[in-house]
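Work through the two exercises below with the sequence and the model at hand. Each task is followed by its solution in steps.

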Amino acid sequence: MLFRSPLEESFLPEPVVDRETESQQLNTGLENLQNLHIHGPRGTGKTHLTKKAIEDVEANTCCISCLENDTQYKALRQILQELTGEEVRTGYHTSELQRKIQEQVEALETFLVLDELDFLLLNDGDDLLYFLSRLNADLGLITITANHKDLSCQVEERTFSTLQPQRIGFEPFTGEEIYEVLADRARKSLKPQSLRREALTYIASSTQNLKVGLTWLRVSAHHAEDTITETLVKDVKKEVSQTYTKHWLQKLTDHHQLLYQAIEELDTEQEVVQTGDVYSRYKNLCQAYNEHPLTDRRTSDYLKQIEQTGLIQSQYYYGGNKGKTREIEIVDFLTQY
């Protein structure tokens with residue numbers, strides 16, 4: 001069954017369904033050139049609504065993902081590339097990148113979006129936010145996170161005092177809202193009468209993450225000959241989980257993927273998965289794939305990054321050989337709400 005772009009995650013609908021209040025708050029913040037902090041669970045429309053809002057502003061706009069640019073240096077390079085439209089080579093000192101960015105934003109009103117800020121906050125994100133918040137320019141800074149509701153708890157007091165962002169919270173979609181959004185996308189993508197109501201109801205009642213819902217509908221459409229039925233959407237559930245997981249892991253490194261594979265294998269073999277078990281299995285996988293394993297400390301950092309994606313969750317306990325350990329489990333994001 002063929003489908004068009006409205007079922008793709010990158011599609012920006014007009015208007016964005018069931019986000020009128022958040023859209024109004026965002027537009028007001030842009031009009032007043034305020035710093036904004038947008039927070040909410042994954043799949044609630046934060047990034048899409050922000051991109052939609054800055055499409056038509058008469059200003060410089062720059063939107064970067066901190067998942068790929070998870071250090072101040074990487075983020076500065078990417079910001080400068082976005083603002084100038086030119087490739088920025090490595091080798092610049094941090095202060096030189098900062099100077100060049102200041103020159104760019106002083107020339108014209110600018111809106112800078114730091115999406116997936118969660119990943120940058122694991123490293124030196126505070127330093128970047130402090131620099132940007134103190135620029136003497138018409139700069140509106142928009143930060144987007146899935147795991148940090150209040151930035152005041154994540155950055156130093158001096159940074160937050162100059163940043164002072166207005167917070168815009170995105171609540172999870174209800175089942176009715178997920179149904180409405182998916183039905184709208186289906187009408188624009190699928191052949192008439194090709195989607196059964198009970199199939200859509202099953203998807204909408206199983207997740208409040210719109211990205212998961214779109215993935216589920218898209219995978220179902222690939223497998224359907226004529227009609228997407230409730231039986232079909234149940235049958236492809238495992239593939240949906242694998243597709244959504246792959247979507248996230250492809251954005252990360254090979255070592256992230258090997259760590260997740262280690263967790264996945266252990267999860268099928270034992271009731272409790274602890275970090276020590278994960279390290280051992282990961283190192284075995286590295287040997288099998290001819291990869292040089294990371295240090296235990298670096299591996300711990302990578303596990304924290306995977307946790308930021310929502311694919312795994314951890315419970316921390318005191319005990320074990322090194323005083324503190326954690327139990328890790330894979331998140332069943334099809335039924336987590």
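Two strands pair if DSSP finds at least two bridges between them; helices (H or I, at least four residues) and strands (E, at least two) are DSSP runs, numbered from the N terminus. The model is predicted: local features need pLDDT of at least 70, side-chain atom pairs count only at pLDDT 80 or more, and totals for chains, interfaces and linings use all residues. Residues are numbered from 1 along each chain as its sequence is written, and side-chain values use heavy atoms, without hydrogens and water.

**Exercise 1.** Give the strand order of the open sheet and find its edges.

Step 1. The five strands run E2-E3-E4-E1-E5, with parallel pairing.

Step 2. Strands E2 (60-65) and E5 (166-169) each pair on one side only, which makes them the edge strands.

Step 3. Leu36 stands opposite Gln166 in E5.

**Exercise 2.** Describe the largest nonpolar core and the surroundings of Val278.

Step 1. A nonpolar core is a set of buried (under 20% relative accessible area, 1.4 Å probe, protein chains only) Ala, Val, Leu, Ile, Met, Phe, Trp, Tyr and Cys residues joined through side-chain atoms within 4.5 Å.

Step 2. The largest has 54 residues, and Leu182, Ile228, Val278 and Leu311 have the most contacts inside it.

Step 3. Among the elements giving two or more residues are H8 (175-189) and H14 (275-288). H10 gives the most, seven residues.

Step 4. Beyond neighbours within four places in sequence, Val278 is in contact (heavy atoms within 4.5 Å) with Leu259, Ala262, Ile263, Leu266, Val273, Leu303 and Ile328.

Notes. Buried means under 20% relative accessible area, exposed over 50%, partly exposed in between (1.4 Å probe, protein chains only).
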